[in-house]
Amino acid sequence: MKALDNLKRCKMNTMLSMLLARGINEGEIKKVFDYYLNNRGFIRELRIRSMSCVGRYIDGDSYSVSEMLDLVSRELNIDKNDIMNEIEFRKGVNNLLGRRVFSCGPCQINFCL
């Protein structure tokens with residue numbers, strides 16, 4: 001929180017990223033999302049990603065995209081279909097412009113303002 005306060009004070013545009021770890025921090029999604037909404041002046045994007053196996057660490061139970069979608073929609077009380085419609089809209093804009101303006105990765109859900 002201190003680092004975020006410093007970024008805010010310096011007026012640095014920031015992307016906030018939350019890494020979900022099964023059984024550890026699912027209950028923090030609403031808190032992080034509310035912080036994002038209340039600090040839109042310097043936070044331009046929120047990414048919610050799933051933990052994944054890296055290097056020697058292979059004992060993880062990552063979330064699938066559908067599980068993340070269910071969890072985020074439930075925690076934020078947002079209809080899952082609304083999130084899917086937003087993702088499809090962003091894909092359409094990217095295709096129309098012939099470049100990637102909005103990102104929606106296979107292991108993350110992004111909220112952009």
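Is F33 buried or exposed? I looked it up in this predicted model: F33 counts as buried, because its relative accessibility is 12%, under the 20% cut-off.

**Fold, quick pass.** I ran through the protein chain from the N terminus and got the order α-β-α-β-α-α-β, that is, four helices and three strands. Of its 113 residues, 34% count as buried. I also checked contacts between residues at least 6 apart in sequence, and 64% of them join residues at least 24 apart. The accessible surface comes to about 7,600 Å², with 53% of it on carbon and sulfur atoms.

**Back to F33.** I went looking for aromatic pairs and found one in the structure. The rings are those of F33 and Y36, with centres 5.9 Å apart and planes at 50 degrees, so I note the pair as tilted. Both residues sit in helix α2, three residues apart, about one turn of the helix. Y36 counts as buried too, since its relative accessibility is 1%.

**Another ring.** The charged end of R22 sits over the Y63 ring, 4.1 Å from the ring centre.

I stopped at N25, which is in the loop between β1 (14-20) and α2 (29-38). What does the N25 side chain reach at 2.8 Å? I find the backbone oxygen of L19 there. Beyond its neighbours within four places in sequence, N25 is in contact with M18, L19 and L20. N25 goes down as buried because its relative accessible area is 16%.

Methods. Residues are numbered from 1 along each chain as its sequence is written. This is a predicted model: local features need pLDDT of at least 70, side-chain atom pairs count only at pLDDT 80 or more; totals for chains, interfaces and linings use all residues. Side-chain values use heavy atoms; hydrogens and water are left out. Helices (H or I, at least four residues) and strands (E, at least two) are DSSP runs, numbered from the N terminus. Buried means under 20% relative accessible area, exposed over 50%, partly exposed in between (1.4 Å probe, protein chains only). Contact means heavy atoms within 4.5 Å. Accessible areas come from the Shrake-Rupley method with a 1.4 Å probe; for residues, only the protein chains shown count as cover. A polar contact is a pair of N or O atoms within 3.5 Å; within protein, one must be able to donate a hydrogen and the other to accept it, and residues adjacent in sequence count only if both atoms are side-chain atoms. Rings of Phe, Tyr and Trp (its six-membered ring) pair if their centres lie within 6.5 Å; planes under 30 degrees apart count as stacked, over 60 as edge-to-face and the rest as tilted. A charge sits over a ring if NZ of Lys or CZ of Arg is within 6 Å of the ring centre and within 35 degrees of the ring normal.
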